[in-house]
Amino acid sequence: MNNKQTLTSDETMRSRHSVRKYVPNVRIPEAELNEILELAGTAPSSWNLQHWRFLVIQEEENKQRMLPIAYNQQQIVDSSAVIVVLGDTQANLVADEIYGAALNAGAITQQVYDTLLGNIQRAYASSATVGVEEAIRNGSLAAMQLMLAAKAKGYDTCPIGGFNRVELVKAFQVPDRYVPVMLITLGQAAAPAHGSGRFPIERTVILETFAASSNE
């Protein structure tokens, strides 16, 4: 059983560590998993285009298919779920859906609607790589939010960047529109994760300009 306790936001962030050993055969209740995914979807995104899509892998057969794709990491099959975070490289195509609803609700004017859609379409037309860049950037924001939401509910996670993206797309028939951002294993830790060191803010924070800083 998952032992849960209410965590403050500070406690959630400080206690989140990457867990690689999970208790096998733990099923996260559907309502609880959906709430974690819903909270992940409250992440910010460029123009509110919500670039993320979550491919949820829970069934044993599909975990076994994922195992060699993730270079045989045992956490893939022991975790309760593997969340494949995907990014929408054509998120500009949903702009009308998002801002059309705002226009119809009276939240924005026609002028604002036209300006926003024009800006979005010009941005996506400006570079052949902007769609992928935005998909990865914004998908990563949702991924971090997902991990914090899971921790707040008593579950642990591990982000995985080491996997065969080509084989994942092929095995799970991911449409060309979406780019794999990362995998996240999710479940009940079999043992507490070990903490990891962090640089002090004196090492990571630069005030105003690098000109007067010795940080690299």
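The model is predicted, so local features need pLDDT of at least 70 and side-chain atom pairs count only at pLDDT 80 or more, while totals for chains, interfaces and linings use all residues. Residues are numbered from 1 along each chain as its sequence is written, and side-chain values use heavy atoms, with hydrogens and water left out.

**Overall fold**

- The protein chain has nine helices and four strands, where helices (H or I, at least four residues) and strands (E, at least two) are DSSP runs numbered from the N terminus.
- Read along the sequence, these elements follow the pattern α-α-β-α-α-β-α-α-α-β-α-β-α.
- The C-alpha trace of the protein chain spans about 55 × 50 × 35 Å along its principal axes.
- Of the 216 residues of the protein chain, 41% count as buried; buried means under 20% relative accessible area, exposed means over 50%, and partly exposed lies in between, with a 1.4 Å probe and protein chains only.

**Salt bridges**

- Side chains of opposite charge can pair when their charged atoms come close.
- The structure holds seven salt bridges, each defined as a side-chain nitrogen of Lys or Arg within 4 Å of a carboxyl oxygen of Asp or Glu.
- One of them joins E59 to R27, with the closest N and O atoms 3.4 Å apart; because E59 lies in the loop between β1 (52-57) and α3 (60-69) and R27 in the loop between α1 (9-15) and α2 (30-40), the pair ties together parts that are 32 residues apart in sequence.
- Within this pair, E59 is partly exposed, with a relative accessible area of 44%, whereas R27 is exposed, with a value of 52%.
- E35 and K153 meet through their side chains in another salt bridge, at 3.3 Å from N to O, and this pair links distant parts of the chain, with E35 in helix α2 and K153 in the loop between α7 (130-152) and β3 (156-160), 118 residues apart.
- E35 counts as partly exposed at 36% relative accessibility, while K153 is buried, with a relative accessible area of 19%.
- A salt bridge within a helix is formed by the side chains of E134 and R137, at 2.3 Å from N to O; both residues lie in helix α7, three residues apart, which is about one turn of the helix.

**Nonpolar surface patch**

- I201, V205 and L207 make a nonpolar surface patch of about 330 Å²; patches are made of residues with over 30% relative accessible area and no salt bridge, with like charges joined within 9 Å and nonpolar side chains (Val, Leu, Ile, Met, Phe, Trp, Tyr) within 5 Å, and accessible areas come from the Shrake-Rupley method with a 1.4 Å probe.
- Of these residues, I201 lies in helix α9 (residues 201-204) and is exposed, with a relative accessible area of 60%.

**Largest pocket**

- About 250 Å³ of space lies in the largest pocket, a pocket being an open set of points on a 1 Å grid over the protein atoms alone, where a 1.4 Å probe fits, with protein on both sides within 12 Å along at least five of seven lines.
- Its volume is the space filled by probe spheres set on the points.
- The largest pocket is lined by 13 residues, of which K151, G154, D156, A189 and P192 are the closest to its centre; lining residues have an atom within 4 Å of a point.
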